[in-house]
Amino acid sequence: MPRYIKTSPQLNYVPVSLEALRIDSVLNFDLYVQVDRNKLSLYRSAALPFTEATMRRLIEHGVTTLYIDGSSRKEYQIYMEENLAEILRSPDLPEAKKASILYDTSTELIRDVLENPTYGENIRRSKNMVQNTISYMLQGREAFLNLLRLTSVNYTVYTHSVNVCTLSVALAQRLKNADQKFLYELGIGALLHDIGKARVSERILNKTTALSAMEQEIMRRHPRWGVEMLRETGEVPAAAYSAVLQHHERGGRKGYPDKLDMHEMHVYGKIVAIADSFDAMTTERVYQKAMETYPALKLMHTLKGHFDSELLREFTMLLGPDGEPISTSSETAE
Ligand SMILES: [Fe+2]
Ligand SMILES: [Fe+2]
């Protein structure tokens with residue numbers, strides 16, 4: 001007798017795409033199917049392997065979305081992370097679907113990281129995620145564009161971290177000297193660049209009015225706190241720290257925490273500063289409307305000396321229609 005649960009599927013149950021489940025893998029979570037608008041039925045318990053026959057039967061019945069109980073979110077997340085490399089290589093999955101799985105899995109991971117930032121296992125999971133992101137993006141520009149299309153207009157620190165990682169790695173891929181080690185160190189620093197915000201109170205992080213001098217002072221500690229946290233775990237190569245420490249530095253000693261000049265900044269810091277500013281400008285915040293891509297790039301070009309000009313030019317090309325140069329007012333003025 002099937003076990004029916006009367007619920008709104010959107011309420012306590014999380015949709016899972018059938019295509020993301022790997023055949024013959026052990027799922028540590030129960031799967032539910034929707035039987036009518038407000039009813040879910042237990043389809044497969046966690047104890048049973050997910051076989052090809054299971055998959056075929058579901059496809060024959062036109063099922064593309066299954067549900068998991070919200071309380072199994074953690075198990076599902078770990079399953080996705082462990083199978084991500086295989087999912088991203090699968091010839092059966094459309095590229096856009098792969099990008100959305102990568103994006104969602106990354107975002108959920110960052111949620112866990114910020115909840116428990118000094119837990120070594122969370123940082124190890126982040127390293128695995130960065131490796132998967134780099135392999136995926138090395139497929140070419142289309143992979144990057146697929147990820148870019150998913151960029152949420154609404155800001156959350158989770159999606160922001162994923163966006164900054166994607167943009168930083170994509171920019172670095174255009175540089176001649178960026179080998180695998182470069183991409184990896186930069187990528188992990190970029191993904192975790194705001195990890196120090198875990199120490200800033202929710203009240204300050206979510207404040208919709210201007211921060212007081214004291215609150216600003218606390219907020220400005222997050223790059224240093226981030227490095228302290230990473231050092232504590234000992235999981236991340238020290239070279240990646242500069243991406244975290246310097247992402248709010250601006251050339252001409254206009255940034256923080258160390259008021260560095262451009263020539264004192266590490267290339268990882270310079271790259272993440274560009275990706276971070278761009279993403280901050282192009283996402284919607286309570287106190288700010290999201291800017292479109294080109295006005296944001298133009299504004300960045302007008303902030304003379306804030307960003308490394310060579311890297312900013314590459315970044316502008318990266319976001320141009322075909323990865324080719326696009327004209328910005330300051331470029332023509334130069
Ligand atoms: Fe930051
Ligand atoms: Fe940031």
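**Figure 1. Asp-194 sits between two iron ions.** In this predicted model, Asp-194 bridges the iron ion (ligand 2) and the iron ion (ligand 1), and the two ions are 3.4 Å apart. His-160 belongs to helix H7 (residues 157-173) and Asp-276 to helix H13 (residues 267-281), so this pair ties together parts that are 116 residues apart in sequence. Helices here are DSSP runs of H or I with at least four residues, strands are runs of E with at least two, and both are numbered from the N terminus. A word on the ground rules: residues count from 1 along each chain as its sequence is written, while chains are lettered from A and ligands numbered from 1 in the order in which they are written. Because the model is predicted, local features need pLDDT of at least 70 and side-chain atom pairs count only at pLDDT 80 or more, whereas totals for chains, interfaces and linings use all residues; side-chain values use heavy atoms, with hydrogens and water left out.

**Figure 2. Here is a close-up of the iron ion (ligand 2).** Its protein donors are His-160 (NE2), His-193 (NE2), Asp-194 (OD) and Asp-276 (OD), found 2.1 to 2.2 Å from the ion. (Donors are N, O and S atoms within 2.8 Å of the metal, or 3.2 Å for Na, K and Ca; water is not among the atoms, so sites may look incomplete.) Read along the sequence, the donor residues of this ion follow the spacing H-x32-H-D-x81-D. The angles among the four donor atoms run from 78 to 174 degrees, and the site of ligand 2 is irregular. That label has a set meaning: four donors are tetrahedral if all angles lie between 85 and 135 degrees; four are square planar and six octahedral if opposite donors are over 155 degrees apart and all others between 65 and 115; anything else is irregular. His-160 counts as buried, at 3% relative accessibility, and Asp-276 is buried too, with a relative accessible area of 5%. (Buried means under 20% relative accessible area, exposed means over 50%, and partly exposed is in between, using a 1.4 Å probe and protein chains only.)

Figure 3. His-222 lies in helix H11 (residues 222-233) and His-247 in the loop between helix H12 (241-245) and H13, so the two tie together parts that are 25 residues apart in sequence. His-222 is buried at 1% relative accessibility, and His-247 is buried at 0%.

**Figure 4. This view turns to Glu-235.** Glu-235 is in the loop between H11 and H12. Its relative accessible area is 16%, so Glu-235 counts as buried. Leaving aside neighbours within four places in sequence, Glu-235 is in contact (heavy atoms within 4.5 Å) with Gly-120, Ile-123, Arg-124, Lys-127 and Leu-230. Asn-122 is 113 residues from Glu-235 along the chain, yet their C-alpha atoms are separated by 9.7 Å.

**Figure 5. The loop between H12 and H13 gets its own panel.** Most residues other than glycine have a negative phi, and most peptide bonds are trans. Tyr-256 and Pro-257 are joined by a cis peptide bond, with omega about 10 degrees, and Pro-257 is in the loop between H12 and H13. Arg-253 is also placed in the loop between H12 and H13; its phi is positive, near 60 degrees, though Arg-253 is a residue other than glycine. At 40% relative accessibility, Arg-253 counts as partly exposed. Lys-259, found in the loop between H12 and H13, is not a glycine either and has a positive phi of about 45 degrees.

**Figure 6. Last up is helix H6 and what covers it.** Helix H6 covers residues 141-149, and its buried residues are Ala-143, Phe-144, Leu-145, Asn-146 and Leu-147. What covers those buried residues includes helix H4 (95-115), helix H5 (120-137), H7 and helix H15 (309-318). For context, the chain has 16 helices and five strands, and buried residues make up 51% of its 334 residues.
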